[in-house]
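Here is a friendly note to read alongside the model. The points below go chain by chain and then to where the chains meet.

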Amino acid sequence: MSALVTFDRASLGYGRRAVLSNLSFEIREGDFLGLVGPNGSGKTTILRAILGALQPIAGSVTRAEGLRFGYVPQRDQVDYGYPLSVVDVVLMGRYDRIGLGKRPSKADRELACDALEHVGIRDLSERPLANLSGGQKQRTLIARALVGDPNVLILDEPTNGMDLVSMTQILGLVRELHERDGLTVLMVSHALNEVANYVERIALVADGKVHIGSTDEIMSEETLSNMYGIPVEVSSFNGLRIVVARRAGANTDLHD
Amino acid sequence: MIDAILLFADALYGALVIALACSTLGVYVVLRRIVFVGAALAQISSAGIALALFLSGIGIGAFGLTQHPVALALIVTLAGAMVFAGSGRQRVPPDATIGAAYAMAAAAGILLIAKAASGEAHDIFLQGNILGITRTDTYVLFAIAAPVLIAHAVFYKEFLFISFDRETARTLGYNVTFWNLFFYLTLGLVIAFAMQFAGVLLVFNFLVLPAVAGLLIARSMRGMFAVAIIASLTASVFGFSLSVVFDLPTGPAIIAVSGALLLIAWLIRIAQQR
């Protein structure tokens, strides 16, 4: 599998202050990668470097030629006060293809409706964005990312503030997009427990470093304890992995 | 009654041009939650006029700029617009920057006018002098408003995208800094010229109240623009007429009608929700 984004000894930061140093890893074609770490660990900094919005202080971040991202921002980053319908929002994903100063055509509108069909909410296309549930809003933003026909789908904290049902449905949809369409997916999240059971590889960000590997490699007690700096226990329940911080004297009895 | 209103026909046309331009840009001002940028830019513009009058009074020509207060007002307003356009990621929150600029510009305007040899009363900056608009002024206002409105019509989707979700726009290759600056410069341009005649309060009114009425009852961006424009033009015609017939100050009369239209929009909104 060819590399779509390559970090080569890259140091990232703002001004002269490096937040993360000496990062070397790749996002490969067909990857299903989770970029995971506690709040403030530097996930957004890495994300901005991947998207090209932040240049490395040292080293390099290279992107494959013609690479196109489908970006799904955090839900609360979008202002739902605008009087826009669902299909209006999805059309924005094609604005750069439509061209400067031109209006979306009927064909663009049909593609937007197809993208909505893809994420299971075509029937909501004319509904005001503000009237949707959290899960439906997230599906709208995913449809907007897909309508531009991206090589890589990037989701920033896609399950933030969601209830259990919506969270499970959204993560299931993302996995389906990866498995069914072969889409390369990067999912950014602070919630290791949510992401670990869906992605195939994890890039764990902590203490200014990135530790990347298969889910099995990263989800070991030794690796996680070292990265988080506290004793961690990895248990499983009905085939799902669960990470818990170990408390002195506590008995975590979740094993199958 | 009609005859009395027609005596000021040129002033009415000027007011309509100001209403059209301000209410169109006001849609973004309201949606982007930057209503006080409008107030601050209007105040900065008035400080620019006061600065021109003050410098002129003490014999400083500044390459002829002080002979044309609108020119200096335009320069300081566009400078202010550029500062606001770039105040997104600073340590000081954007609303604090706006508040500080508003207070300083208001104080500077009052102080400079107080010491200007040939200054007008400061009230002129707050209330404006709509009735004083001549046909030539209307042509000038139209010459400024038309390109701004055409730019907003042509680049509608670009302005919408960078206002609605700038991070995603950036990932699709949009130069968000450029478009944001472009937006603020069009806003500064319209405010600087409208301020000369309409005053701070009326400009602020045209930027905010019609767009809020649109937001209350429209279900699409097109609808919001339409309601905002219709509300601002209606308020101008009725407010202007009432002020002439009943000998009321024109600016506040237009604002009062804008307020009444906003109330109607709010009642329509309640009816829509039932």
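1. A word on size to begin with: the radius of gyration is taken over C-alpha atoms, and the globule rule used here is 2.2 Å times the number of residues to the power 0.38. For the 274 residues of chain B, a compact globule would come out near 19 Å, and chain B has 19 Å, which agrees. The C-alpha trace of chain B spans about 55 × 50 × 30 Å along its principal axes.

2. Please keep in mind that this is a predicted model: local features need pLDDT of at least 70, and side-chain atom pairs count only at pLDDT 80 or more, while totals for chains, interfaces and linings use all residues. Residues are numbered from 1 along each chain as its sequence is written, and chains are lettered from A and ligands numbered from 1 in the order in which they are written.

3. Chain B has 12 helices and zero strands; helices (H or I, at least four residues) and strands (E, at least two) are DSSP runs, numbered from the N terminus. Of the contacts in chain B with a separation of 6 or more, 77% join residues 24 or more positions apart. Two residues are in contact if their C-beta atoms, placed from the backbone, lie within 7 Å.

4. How do helix 4 (residues 69–85) and helix 10 (residues 176–217) of chain B pack? Their angle is about 150 degrees and their axes are 8 Å apart; axes are lines fitted to C-alpha atoms, for helices over the stretch in contact, and angles run from 0 to 180 degrees between N-to-C directions. Among the residues that meet are B:Leu74, B:Leu78 and B:Phe84 from helix 4 of chain B, with B:Tyr184, B:Leu185 and B:Phe193 from helix 10 of chain B. By class, this contact of helix 4 with helix 10 of chain B has 17 nonpolar, five polar and no charged residues. Ala, Val, Leu, Ile, Met, Phe, Trp, Tyr, Cys and Pro count as nonpolar, Asp, Glu, Lys and Arg as charged, and the others, Gly among them, as polar.

5. Helix 8 of chain B is largely enclosed by the rest of the structure, because eight of its nine residues are buried. B:Lys157 and B:Glu158 are among the buried residues, as are B:Phe159 and B:Phe161. The cover over the buried residues of helix 8 of chain B includes helix 3 (95–98) of chain A, together with helix 2 (9–31), helix 7 (135–154), helix 9, helix 10 and helix 11 of chain B.

6. Now to where the chains meet. The contact takes 20 residues from chain B and 19 residues from chain A. Helix 8 (156–164), helix 9 (166–171) and helix 11 (221–245) of chain B each supply at least two residues of the side of chain B that touches chain A. Helix 9 of chain B gives the most to that side, with four residues. By class, the side of chain B that touches chain A has 10 nonpolar, five polar and five charged residues.

7. In chain A, three strands form an open antiparallel sheet in the order 2-1-4; two strands pair if DSSP finds at least two bridges between them. Its edge strands, strand 2 (17–28) and strand 4 (58–63) of chain A, each pair on one side only. From one strand to the next, the twist averages 20 degrees. Strand 1 (residues 3–14) and strand 4 of chain A are joined in the antiparallel sense over five bridges, and A:Phe7 stands opposite A:Val61 in strand 4 of chain A. Helix 1 (residues 43–51) of chain A packs on this sheet, touching strand 1, strand 2 and strand 4 of chain A.

8. Chain A also has an open sheet of six strands in the order 5-6-7-3-8-9, with mixed pairing. Strand 3 (residues 32–36) and strand 8 (residues 201–206) of chain A run parallel, joined by four bridges. Helix 1 of chain A lies across strand 3, strand 5, strand 6, strand 7 (184–189) and strand 8 of chain A.

9. Two residues deserve a look. A:Asp149 has a positive phi of about 55 degrees although it is not a glycine, and A:Asp149 counts as exposed, with 12 C-beta neighbours inside 10 Å. A:Glu157, also not a glycine, has a positive phi near 45 degrees, and A:Glu157 is buried, with 22 other C-beta atoms within 10 Å.

Technical notes:
Buried ≥ 20, exposed ≤ 12 C-beta atoms within 10 Å, placed from the backbone.
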